[in-house]
Structures are given as structure tokens and as C-alpha cells.
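Please read the points below alongside the sequence and the model.

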Amino acid sequence: MKYQTQKIALVYMGTALGLFAIQVTMGLIIGWIYVQPNFLSELLPFNVGRMLHTNALIVWLLLGFFGAAYFLLPEESEREIHSPTLAYLQLIILVVGTLGAVVTYTFNLFEGNILLGKEGREFLEQPIWVKVGIVVAALMFLYNVTMTVLKGRKTAITNILLLGLWGLALLFLFAFYNPGNLALDKQYWWYVVHLWVEGVWELIMASILAYLMLKLTGVDREVVEKWLYVIVAAALFSGILGTGHHYYWIGTPGYWQWIGSIFSSLEVIPFFAMMAFAFVMVWKGRRDHPNKAALLWSLGCATLAFFGAGVWGFLHTLHGVNFYTHGTQITAAHGHLAFFGAYVALNLAIMSYAFPILRGRDPYNQVLNMASFWLMAGGMTFMTFTLTFAGTVQTHLQRVMGMNYMEVQDQLWVFYVMRFGSGVAVVLGCVLFIYALAFPGREVVAPGPAQRSKEPPETVPAE
């Protein structure tokens, strides 16, 4: 490890992994509630469990992004992080806010209080005081990383990463706007939710994936940067107006049906480009990097993101199809594989690469790490198929045949059982992954002068 402040990333990533374990465990619990609806109905109502599941996902992914930034920026900028104190203070604020939100959700504290009580908006249920804390932490983070980059070397990776991180923070400000009109509320609500996951988060994803390809394959930086700019341009071009596919049925003008259908169909392109980018870089690369687990997670991230966000997103994005499918289990199928492929796998890839370096050890327990990949990726893929079949049956029986919602849910019981089984595989994979990173490997021996001269160069020009 060349820069001491990279160790900040270890604390962020460790905290993120703790929340990851909580998130998948809560997902398993609410998955069982689909099978046995009265399970924990008094102790943990479904709406609270789902709230904890989705919010834990968002928070741990953000912590992972912050940790990745603190890890890669010193190397890219060739200087230490501007203020380690600010970085740790930012983490404390985020953890306190997360705990406050969890306690508020679980015990339904301060109900109806505009400042202290939770809001009834999916993903944005956090009390106002928690939202303010998030903004303060985000401002501290942006100041810290921006000063680091401005005082150091500028690269395409740092520029795109900063653009994504600034966009993430600025778009979150729409979370404070909660109009009384439901159509208007949903219009601006999607400015946060859609423009995060199908806009600025894609920039963060592309920059971190580019960094990993640079380190793991040894391809020339110039080649990586050309791909990066193309992917980012495609993501922004399609993603911004692609927001329209959420406006079909919320009371907005009819022209959004065509804008949303056309531009959201184009959202497949940046995800296909990212998958092609990852495999082409590995093919062109000449470096036999010892961290095979990080490479597997990187390729898995690009592949599953293409299928989850790209293919499964396209399946129900055209307004003529979406008229029947919106809000069914097909939406859940797309959401699960898209989030896992694009952002969960990305965070686990950078953690697989960073942990051995941060802990001063060789890449270790790689067999366990790769086994965790196949468990989680296989479980999530099977879950996606079961939910897709469930959603297809639900769409036909409920939206076409007009059957009662609860009668249809009874018909989907077998799919929910299979979904629960796939959730067990994901939880086991999560436990295995955390164990693989936490269990000690052998210490790295600092190379002597003779050994250093034999080390491979940082980058190898691609053919």
C-alpha cells in the first residue's frame, strides 16, 4: 500500500459489509413472510422489514462507494486524502443517522412528527433530521475528495468518479421536496431514485470498474479511458430521459409514454458496453494478476448488470407492456438482479481487490471468495427467474383475467418457496464472502531490490 490514508477505506468497507449482512438477512425474513404471511406479523410487520431491507441496501452501497473512492483516489491522484479526520467524522455521522432511522422505523417513533418521524416514501422514509445528517456527511465527503483530486493528478477515472459523486449528492436534495399532490410527488421522487441508479450511479460504477480493469489486466490507461468516456456518454444520454418510463401511469402528459419507451430502450447500450469493455480488457491484458477473485467479481458485475439492468429492464420498459406488468413480481425480478449485478457485485469486486492490499497480505481465501460469488450469483439468478415466472402468472391472472389480488397470491405460493430457497443461497454466499475477507492470510514480505526489478510494469500497452 503506497498511501497511508487508503486505510480509511478499510473502515468504510467493513461497516458496509456489516450492513450487507443485515440487509440480506432481512431479505430472507421478508422472503419467508411471502410464504407464511403471519410470520413475525406482530413483532416485525412486513412493511417495516421491507423498509429495513431496502434502506440497508442503499446505505451499505453508498458506504462501499465512499470506501472505494478513499481507496482509489490516492493512487489515481498520487497524493494522500486531503483530511482523514473529516473522512472518519463523516462515517460517524452516517452510522448515527442509520441507527436513528432503524430505531425510528422499527418502533414507529414520533409518528406524524415532521422532523423526527419517518416519511411515507419508499427508499426516502428517513426522518428529516437523518436526511440533514446525510447532506452534511455528503458535503464533507465531496469537499474531502474534491480537494484531494484538485491538488493531485487528474485522470478520466477521477473526473468521472467525481462527476458521479457530486451528482449523487445534488440529486438527493429532491428528497426534501414532498409535495401534497401524489403525481407531483412521484415525478420528483424519481429524480432521486431513477437518476441515482440509472444515471449518476452508473458513472460511479464505470469509473470503479475502469480502475479495476486497469489494475487487474494491465491494459494501457489510454485504452481504458476511451472506453470509459463512451460508456458514460451512453449512460447519460439514455438514462436522463429514460426517467420517463416511470411517468407512464402517474398522471403526467401522454408524450412521456413515447419518450420513456424510446430512451429507456437505449439504456441497454451502456450496460452492454460495460460488459464488452470488461471482457475485452481481460482479453487484451497481459498481466497475470494473482487476485483471481477480484477479476471474477468484476466480470460477474458487468455480465449480471447487463442482464439484470439491461435485458430484464427492457422486458417491461415499453409502455404497451408496462401497462400490464408494472408493480408485479416482474418489477421485483428486474430490481433484484439489476441491483445485485450493477452495484452489489461492483462493491464486492473492489473489496476483494482492496482488502488484501489494505491488510498487507497476499490475496487470500480466493477459493472461498469465488465460491461465495457462485453462491450469490447463482442464487440471485434463480431468484430472478422464479420472480419472472411469478410475475408472468400474476400479470395474466390479475391484469388480464381480472382475478382478485389475494387469490392470485395464493397461486404464486410455489414460486415464493423457490425464491426463499434462492435467498438462502445468497445469505450463505454473503457469510462466506465476509469470512473469506476477514480470515487472515499470510503476510506479504517486502521485496528486496533484486525482486523489485522483476516486478511487472504498472501498465502494458494493449495490442
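1. The axes of helix H5 (residues 156–171) and helix H6 (residues 182–217) approach within 9 Å and cross at roughly 160°. H5 is therefore roughly antiparallel to H6, a term for angles over 145 degrees. Axes are lines fitted to C-alpha atoms over the stretch in contact, with angles from 0 to 180 degrees between N-to-C directions; helices are DSSP runs (H or I, at least four residues) numbered from the N terminus.

2. This is a predicted model, in which local features need pLDDT of at least 70 and side-chain atom pairs count only at pLDDT 80 or more, while totals for chains, interfaces and linings use all residues. Residues are numbered from 1 along each chain as its sequence is written, and side-chain values use heavy atoms, leaving out hydrogens and water.

3. The structure holds 8 salt bridges (a side-chain nitrogen of Lys or Arg within 4 Å of a carboxyl oxygen of Asp or Glu). One of them joins Glu76 to Arg221, with the closest N and O atoms 2.8 Å apart. Glu76 lies in helix H2 (residues 46–77) and Arg221 in helix H7 (residues 221–241), so the pair ties together parts 145 residues apart in sequence. Glu76 counts as buried at 1% relative accessibility (buried means under 20% relative accessible area, exposed over 50%, partly exposed in between; 1.4 Å probe, protein chains only).

4. Arg121 and Asp185 also meet in a salt bridge (2.6 Å, N to O). Both Arg121 and Asp185 are buried.

5. Within helix H7, Lys226 and Glu222 lie 4 residues apart. Lys226 is exposed at 53%, whereas Glu222 is partly exposed at 49%.

Terms used: Helix = DSSP H or I, 4+ residues; strand = E, 2+ residues; numbered from the N terminus. Parallel < 35°, antiparallel > 145°, perpendicular 65-115°, else oblique.
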